[in-house]
Amino acid sequence: MNTYKTKIVLLAFALVTSLLWSQNSGSQSGFKNFMSNKSELSVYGGIGLAGASYNLKAGTQENQAAFLAGLRYRHYLNEQWSVSLGAELAQYKGTSKIDNIVGTQQTTDAEGDAFEFRYTATTYREDQKLLFVNIPITAQFETQGRTRFYIETGGKIGFSAKANYTSSIGQLQTSGYYEQWNAELHGPLFMGFGTQTGLRSKETDIDVKTALFATIETGVKYQVNNVSSLYLGVYLEYGLTDIFGEPTHNSLIEYQRETPSNFGYNSVWNSENNVLSSVDNYKLFTVGIKLGYAFDWRSIFSGGSGHD
């Protein structure tokens, strides 16, 4: 995570902490009056289905189990309405599968001769993993009583902490076409030409932009006692912004003149090459179940009773 992102995350935590401290100290009378309403500090976790939504011209996109965990401060405006600010860590996963890919790349060999690198890949699979630090800002409405129904909506800003992918290919056939000699070479392998099976790339990092999400959650809040509650709900969040820009590579598989027998493997996220039907549809989404525990911060520190 770069310095800018770290500062944003620390600022969110500092804001939550300062709100809690201000409630406890009551050093400023105007702010104290505003903060005299109930407040909650909650920890939560969730599990669901998450991934990056985009369209492949050929093949399928599979979304996998993902997780989130966070800390949230909630301030009640009255008995039923509240606003919240928090920080959470969220993981998004996805898998792209393509049965057959045919591509080319204009490049030069170790001798400096220009040629067209040609390849056909079958049973291509790419596993993608993203780790984000999200800052959610939401508003919530809840009914009254010991068992309450609630609905919460708002937005999140997400900062990429880590993003990478690994690729595997069942079979890869490569050749080099030299137009100046009207010749196509299908070997040898040490030059990068031939047939190979069972190829797998190393884990490779990829740049991801800051994301904005719309989020909605609904469920049941159970009042355990007068200072603590349990939340159980379902949530949906959908990316409003693309997490990638224009493709930076024209070929999913790249010839490397310094090490011709070891190819470069780009992601479907940043490669054009007839694999993607759109270059502006990389949006994250999540749907899942969330469980949380919340407690009244001031009641606990003021020695408030935990009885019904």
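Modeller: A residue counts as buried under 20% relative accessible area, as exposed over 50%, and as partly exposed in between. By that rule Leu236 is partly exposed, because its relative accessible area is 42%. Please keep in mind that this is a predicted model. Leu236 has its place in strand β10, which covers residues 228-239, and together with Leu49, Ile151, Ile216 and Val287 it forms a nonpolar patch on the surface, where the accessible area of these residues comes to about 390 Å².

Turning to the interior, nonpolar side chains tend to be buried together in soluble globular proteins. Here the largest nonpolar core has 38 residues, and Leu130 and Ile253 are those with the most contacts inside it. Two or more residues come from each of β1 (39-53), β2 (60-76), β3 (81-108), β4 (114-142), β5 (147-178) and β9 (211-223), with β4 giving the most, namely 7 residues. If neighbours within four places in sequence are left aside, the contacts of Ile253 include Phe117, Tyr119, Ala121, Ile169, Leu172 and Phe263.

Strand β5 also holds Asn164, a residue that is buried because its relative accessible area is 3%. Not counting residues up to four places away in sequence, Asn164 touches Asp127, Gln128, Lys129, Glu203, Thr204, Asp205 and Ile206. Of these, Glu203 lies 39 residues from Asn164 along the chain, yet the C-alpha atoms of Asn164 and Glu203 are separated by 6.4 Å.

Conventions
Residues are numbered from 1 along each chain as its sequence is written. This is a predicted model: local features need pLDDT of at least 70, side-chain atom pairs count only at pLDDT 80 or more; totals for chains, interfaces and linings use all residues. Side-chain values use heavy atoms; hydrogens and water are left out. A nonpolar core is a set of buried Ala, Val, Leu, Ile, Met, Phe, Trp, Tyr and Cys residues joined through side-chain atoms within 4.5 Å. Buried means under 20% relative accessible area, exposed over 50%, partly exposed in between (1.4 Å probe, protein chains only). Helices (H or I, at least four residues) and strands (E, at least two) are DSSP runs, numbered from the N terminus. Contact means heavy atoms within 4.5 Å. Patches are made of residues with over 30% relative accessible area and no salt bridge: like charges are joined within 9 Å, nonpolar side chains (Val, Leu, Ile, Met, Phe, Trp, Tyr) within 5 Å. Accessible areas come from the Shrake-Rupley method with a 1.4 Å probe; for residues, only the protein chains shown count as cover. A salt bridge is a side-chain nitrogen of Lys or Arg within 4 Å of a carboxyl oxygen of Asp or Glu.
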